[in-house]
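Hi! Here are my notes on the model you asked about. Have it open while you read, and take the points in order.

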Amino acid sequence: MRVVVIGGSGHIGTYLIPRLVEAGHEVVNVSRGKREPYTPHGAWQRVTTVVADREAEEADGSFGRRIAELGGDVVIDLICFTEPSARAIADALAGRVRQFLHCGTIWVHGPSAQVPTTEAAKRAPFGEYGIRKAAIEAHLLDRAHREGFPVTIIHPGHITGPGWVPVNPAGNVNPEVFQKLAEGSEVALPNLGMETVQHVHADDVARLFMDAMAAPSAAVGESFHSVAATALTLRGFAGAVAGWFGREARLAFLPWEEWRGTVPEFDAQVTYDHILHSPHCSMEKAARLLGHRPRYTSLEAVSEAVGWLVRAGTIKP
């Protein structure tokens, strides 16, 4: 099949596009042309790249038409962040594609309530990102059920892999937290460190997109989580990271208002977003309908990313 991927040079696309090529698909990557994949792969030599500025072309109404004219049997949208953007691409592709796959986020759920959270759980999203992504999902699934628009939605957790800094045991993306654990320095965590994070390796997200494509009769009109099978508490995560470097984690615990004053404001905002969500999502639906099971645990996925940070000199044991 001819597969058009919008935004295929980032975290997910680094793994998804080589998988698509190796599966025999004809692949077109639509991007701004400003980023290389995180990991080089020979498959990219067989990919057609189309340079496009989505924001500018959506402003003049041409982006959806451009994507439709690429003639994809399947279109995978990895970088859609507003309902008007989703509405425009769906309008352009209605009746012209076998399947449309949209990348969402587990942030559509809002704070975890009963865990593990299923895709059918009542939604209470908060924050601009979660609210916008929830609105996109609602619109696309409504079109699927009313009009037969062939959409499948994949909701990743905290995507990790070699090439970038993963969410750390303090719930933000400051590599200094990993550095402190590696050298045996004390790390302060908010509250009692019992809030959760839930990573997923970028290749497991790519695999789920592939599995959804392979079973359209089960996947169309549905949304699926893409996370590691279990979540991590912050304190458990910190202990595991310290152990990778032969250390015991030296942890302190501070009430939130006191803790936030010990870190830069940006880090505090990112941490607050993560600990207020404290995600723990279920992978049962993907296993039941698509036969998909993540290959990486949370710790295995993060370990690969931390190993890359060590080799890059960002973390010095």
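1. Why does the largest pocket lie between domain 1 and domain 2? Both domain 1 (2-159 + 199-226) and domain 2 (165-198 + 231-279 + 297-312) give residues to its lining, so the pocket lies between them. Those bounds come from an automatic or database domain assignment.

2. A word on the ground rules. This is a predicted model, so local features need pLDDT of at least 70 and side-chain atom pairs count only at pLDDT 80 or more, while totals for chains, interfaces and linings use all residues. Residues are numbered from 1 along each chain as its sequence is written, and side-chain values use heavy atoms, with hydrogens and water left out.

3. Back to the two domains. Their centres, taken over C-alpha atoms, are separated by 29 Å. Across the divide, 11 residues of domain 1 are in contact with 15 residues of domain 2 (contact means heavy atoms within 4.5 Å).

4. Now look into that largest pocket. Its volume is about 1,400 Å³, and 46 residues line it, with His11, Leu78, Ile79, Phe81 and Tyr129 nearest its centre. A pocket here is an open set of points on a 1 Å grid over the protein atoms alone, with protein on both sides within 12 Å along at least five of seven lines; lining residues have an atom within 4 Å of a point. Helix H11 (265-277) is among the elements giving two or more residues, and H11 gives the most, with five. Sorted by class, the lining has 22 nonpolar, 15 polar and nine charged residues.

5. The second largest pocket holds about 220 Å³ of space. Of its 14 lining residues, Glu176, Val177, Lys180, Thr262 and Val263 are the closest to its centre. Helix H6 (176-183) and strand E8 (186-190) each supply at least two residues of this lining.

6. There's a cavity to find, too: a set of grid points where a 1.4 Å probe fits but cannot get out. Residues lining the cavity include Trp107, His109, His277 and Cys281. The lining divides into four nonpolar, six polar and no charged residues.

7. Next, follow helix H5 (residues 127-147). Its 21 residues reach 30 Å from first C-alpha to last, close to the 30 Å expected at 1.5 Å a residue (the expected span is 1.5 Å times one less than the number of residues). Among its buried residues are Lys133, Ile136, Glu137, Leu140 and Ala144, where buried means under 20% relative accessible area with a 1.4 Å probe, protein chains only. An α-helix has 3.6 residues a turn, so residues three or four places apart point the same way. The buried residues of H5 pack against helix H4 (83-93) and strands E5 (99-103), E6 (151-156) and E11 (222-226). After H5 comes glycine 148, with a positive phi near 80°.

8. Last stop: alanine 52, in the loop between strand E3 (48-51) and H2. Is alanine 52 buried or exposed? Its relative accessible area is 7%, so alanine 52 is buried. Leaving aside neighbours within four places in sequence, alanine 52 is in contact with Val30, Ser31, Arg32, Glu57, Phe63 and Arg66.

Technical notes. Helices (H or I, at least four residues) and strands (E, at least two) are DSSP runs, numbered from the N terminus. Buried means under 20% relative accessible area, exposed over 50%, partly exposed in between (1.4 Å probe, protein chains only). Grid points are joined across faces, edges and corners, and a volume is the space filled by probe spheres set on the points. Ala, Val, Leu, Ile, Met, Phe, Trp, Tyr, Cys and Pro count as nonpolar, Asp, Glu, Lys and Arg as charged, and the others, Gly among them, as polar.
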